[in-house]
Amino acid sequence: MSNSELATSYAALILADDDVEVTPDKLQTLIKAANIDDVESIWTTLFAKALEGKNIKDMLLNVGSGGGTAAAPTGGAGGGATEAAPEEVKEEKKEEEKEESDEDMGFGLFD
């Protein structure tokens, strides 16, 4: 991570900690107050747009919650899913058999 990205990240965290809306102007003001001169305005704009409408504190608190993963099917509710799985396996076996029959035609790399 470059110094520009790091400075912008810290500025966004400071604004979020004070419950202030993250905008490019506010990020740039904090960065200039920290005497960091090499941050291009594109970074503040990107961070502000990425964080627009999001609660940064909630994002930090829920980092390890795993909310984005799918739950494994259980008991009665997963009955339909377990029936479909063997059909998929059968189709894969048929495709493999077709590939093997192509190899048995007698054509080889060194023939």
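Below are my entries, starting with the ground rules and then going helix by helix.

**Ground rules.** I am reading a predicted model, in which local features need pLDDT of at least 70, side-chain atom pairs count only at pLDDT 80 or more, and totals for chains, interfaces and linings use all residues. Residues are numbered from 1 along each chain as its sequence is written, and side-chain values use heavy atoms, with hydrogens and water left out.

**Entry 1: the overall plan.** I counted five helices and zero strands, in the order α-α-α-α-α along the sequence. Helices (H or I, at least four residues) and strands (E, at least two) are DSSP runs, numbered from the N terminus. Of the 111 residues, 17% are buried; buried means under 20% relative accessible area, exposed over 50%, and partly exposed in between (1.4 Å probe, protein chains only). I also looked at contacts, meaning heavy atoms within 4.5 Å. Among those between residues at least 6 apart in sequence, 50% join residues at least 24 apart.

**Entry 2: helix H1.** H1 has 15 residues and reaches 21 Å from first C-alpha to last, close to the 21 Å expected; that expected span is 1.5 Å times one less than the number of residues. Which residues of H1 are buried? I found Ser4, Ala7, Thr8, Ser9, Ala11, Ala12, Leu15 and Ala16. They pack against H2 (24-33), H3 and H4 (56-61). A reminder to myself: an α-helix has 3.6 residues a turn, so residues three or four places apart point the same way.

**Entry 3: H1 against H2.** Two packed helices are described by the angle between their axes and the distance between the axes. For H1 and H2 I read an angle of about 110° and axes 9 Å apart. That makes H1 roughly perpendicular to H2. Axes are lines fitted to C-alpha atoms, for helices over the stretch in contact, with angles from 0 to 180 degrees between N-to-C directions. Angles under 35 degrees count as roughly parallel, over 145 as roughly antiparallel, 65 to 115 as roughly perpendicular and the rest as oblique. On the H1 side I noted Ala7, Thr8, Ala11, Ala12, Ile14 and Leu15, which meet Lys26, Leu27, Leu30 and Ile31 of H2.

**Entry 4: H1 against H3.** How do the axes of H1 (residues 3-17) and H3 (residues 41-50) cross? They come within 10 Å and cross at roughly 45°, and the two helices are therefore oblique to each other. Ser4, Glu5, Thr8 and Ser9 of H1 make this contact with Trp43, Thr44 and Phe47 of H3.

**Entry 5: Trp43.** I zoomed in on Trp43, which is found in H3. Trp43 is partly exposed, with a relative accessible area of 24%. Leaving out residues up to four places away in sequence, Trp43 touches Ser4, Glu5 and Thr8. Trp43 and Thr8 are 35 residues apart in sequence, but 6.8 Å apart in space, C-alpha to C-alpha.

**Entry 6: two loop residues.** Where does Asp19 sit? I found Asp19 in the loop between H1 and H2, with a phi near 55°, a positive value in a residue other than glycine. Asp19 is exposed, at 65% relative accessible area. Asn35 lies in the loop between H2 and H3, and its phi is positive too, near 60°. Asn35 is exposed, with a relative accessible area of 65%.
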